[in-house]
Amino acid sequence: SGFSCIGHMDTMLRRRHHIGHYNEGEEFIQNVFQVLFLLFSGKEKSNLSACWLQYEISKIIQCLQTKRKKKLKVQGKKSKKLAKNLLKAPDNRNHLSLWKLYAYLEWLLGNIDDARKVFDTALSTAGTGGVKNPQLCSLSLLYAQLEVELLENLEGAIMSRAVHILTKLAENGPYMPYSGQVVSVNILKARKTYDHEVQDYLNKISAANQDQVSDSNQLVNLVGCYALFQYLTVGIDAAALIYTQALEKLEVADQKNCDNPGKNRDVPNFPTALEDLSVLHTNLLRFHMKIGVYPLNPLRETLTVALKRHPCNQALWRSYIHVQRKSHSASKARRFFDGITRSTRSLEPWLFAIRAEQMRKTLIETVQRADAGEVHATIPETGLTNRIIALFEHAVQSENGTHCPLLWRMYLHFLV
């Protein structure tokens, strides 16, 4: 009886007490982790620990989204206790991705200073390797991203903690915690290092010797660090240019792999790298629009290109809907959704097309009920209702839609 909520069927019921896991379901998941934990050792055990921490973080994020302070406090204590116990295990003490998750957990709970201490300790003990060390690169990128999110504008950003973190990564020496300033010469040296490393990586990808590119994740982290560094020290256009160049090179490499499927069996996963870079690119553009004045068109174009390439990506669809809500005309978005649903078998475009129309309907109803008295319909609303029903009808007739419980539940709920 407790497992129904594990599937997160909460799109319909957004009332606060409906969100979260039932106790029986939560107990079941904890038991699974504990039983599995005894069966693994070494690297596998560390990977399982990382999965467990990621699950705990997802519950913290859920509490933050629903603004449940009491639940967040209780959940935070449990998650921190588990994280500390996992990190005490001998195999996990030098596992950088676990330290990264623990620091992120502290950050989400609002303990910024504690999180910084964890990040600084992890970076100090990680040794050297700089931009060539994948785990160090990933850790520095998250730390810098979180620091950037605290900025209210870009004035003085060149002397910020985020620039210090990214500069130290490029220096390839021992990490020193932020002291309040960044040396200008070091920024210039770091820019050269990043530029050389990124170009070197991209040249390996576009050349025939793709077997030298061992890890596509490393490319994503490296480009992410360089783009963020350029954003803080030069500006948004310089950062966008890096993403554009990397995406173009990766697309060509991915096309080559598609043309010769049997030739490159051990080649890194370029489609995943393309997708991750697209998400980083759109997130940066969205953040810049939040803290400053910037046209909407670059973000809209980036999203449409990315979604044609990755129609299953939920983060990109969420950003697309967020952007389209600012537009008074729905016709462009409707044509785009229509084109994507015709060209792919994925279910995500259908679900997000329905969600976009439902949000539009809610917005119109809110306007009509603004006085909270008698309802005076200023816009005939039946057109939207019929459009949503038509979208549901087409979606449930598609091959994947027929077998999707969420879609059927949403349809029933809408009709009710």
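At what angle do the axes of helix α1 and helix α2 cross? Select residues 23-39 for α1 and residues 42-65 for α2. Their axes come within 10 Å and cross at roughly 165 degrees. Here axes are lines fitted to C-alpha atoms, for helices over the stretch in contact, and angles run from 0 to 180 degrees between N-to-C directions.

Before going on, note that this is a predicted model, where local features need pLDDT of at least 70, side-chain atom pairs count only at pLDDT 80 or more, and totals for chains, interfaces and linings use all residues. Residues are numbered from 1 along each chain as its sequence is written, and side-chain values use heavy atoms, with hydrogens and water left out.

**Stop 1: the whole chain**

Show everything as a cartoon. The protein has 17 helices and zero strands. Helices (H or I, at least four residues) and strands (E, at least two) are DSSP runs, numbered from the N terminus. Buried residues make up 47% of the 416 residues. Buried means under 20% relative accessible area, exposed means over 50%, and partly exposed is in between (1.4 Å probe, protein chains only). Now think about contacts, meaning heavy atoms within 4.5 Å. Among contacts between residues at least 6 apart in sequence, 60% join residues at least 24 apart.

**Stop 2: back to α1 and α2**

The two helices are roughly antiparallel, because of their crossing angle. The cut-offs are: under 35 degrees for roughly parallel, over 145 for roughly antiparallel, 65 to 115 for roughly perpendicular, and oblique for the rest. α1 passes α2 in a left-handed crossing. A crossing is left-handed if the near helix is turned anticlockwise from the far one by less than a right angle, and right-handed if clockwise.

Show side chains at the contact. From α1, pick E26, I29, Q30, F33, Q34, L36 and F37. From α2, pick K45, L48, S49, C51, W52, Y55, E56 and K59. Colour them by type: eight are nonpolar, three polar and four charged. Ala, Val, Leu, Ile, Met, Phe, Trp, Tyr, Cys and Pro count as nonpolar, Asp, Glu, Lys and Arg as charged, and the others, Gly among them, as polar.

Stay in α2 and click S46. Is S46 buried or exposed? S46 has 2% relative accessibility, so it counts as buried. Leaving aside neighbours within four places in sequence, S46 is in contact with D91, N92, H95 and L98.

**Stop 3: α5 and α6**

Select residues 112-125 for α5 and residues 134-149 for α6. They pack at an angle of about 155 degrees, with their axes 11 Å apart. That makes α5 and α6 roughly antiparallel to each other. α5 passes α6 in a left-handed crossing. In α5, show R116, F119, D120, A122 and L123. They meet L136, L139, S140, L142, Y143, L146 and E147 in α6. This contact has eight nonpolar residues, one polar and three charged.

**Stop 4: K249**

Go to helix α10, residues 236-259, and click K249. K249 counts as partly exposed, because its relative accessibility is 28%. K249 and L274 are 25 residues apart in sequence and 9.8 Å apart in space, C-alpha to C-alpha.

**Stop 5: α12 and α13**

Select residues 297-309 for α12 and residues 314-324 for α13. Their axes come within 10 Å and cross at roughly 145 degrees. The crossing is left-handed. L299, R300, L303, T304, A306 and L307 in α12 meet L316, W317, S319, Y320, V323 and Q324 in α13. The contact divides into eight nonpolar residues, three polar and one charged.

**Stop 6: the rings**

Show Phe, Tyr and Trp. Rings (for Trp, the six-membered ring) pair if their centres lie within 6.5 Å; planes under 30 degrees apart count as stacked, over 60 as edge-to-face and the rest as tilted. The count comes to 15 aromatic pairs. Select W317 and F352: their ring centres are 6.2 Å apart and their planes at 15 degrees, so the pair is stacked. W317 lies in α13 and F352 in α15 (residues 348-368), so the pair ties together parts 35 residues apart in sequence.

Which residues do ring pairs link into a cluster? They are W317, Y320, F336, F337 and F352. Click F337 in helix α14, residues 331-343. F337 is buried, because its relative accessible area is 7%. Not counting residues up to four places away in sequence, F337 touches W317, Y320, P349, F352, A353 and A356.
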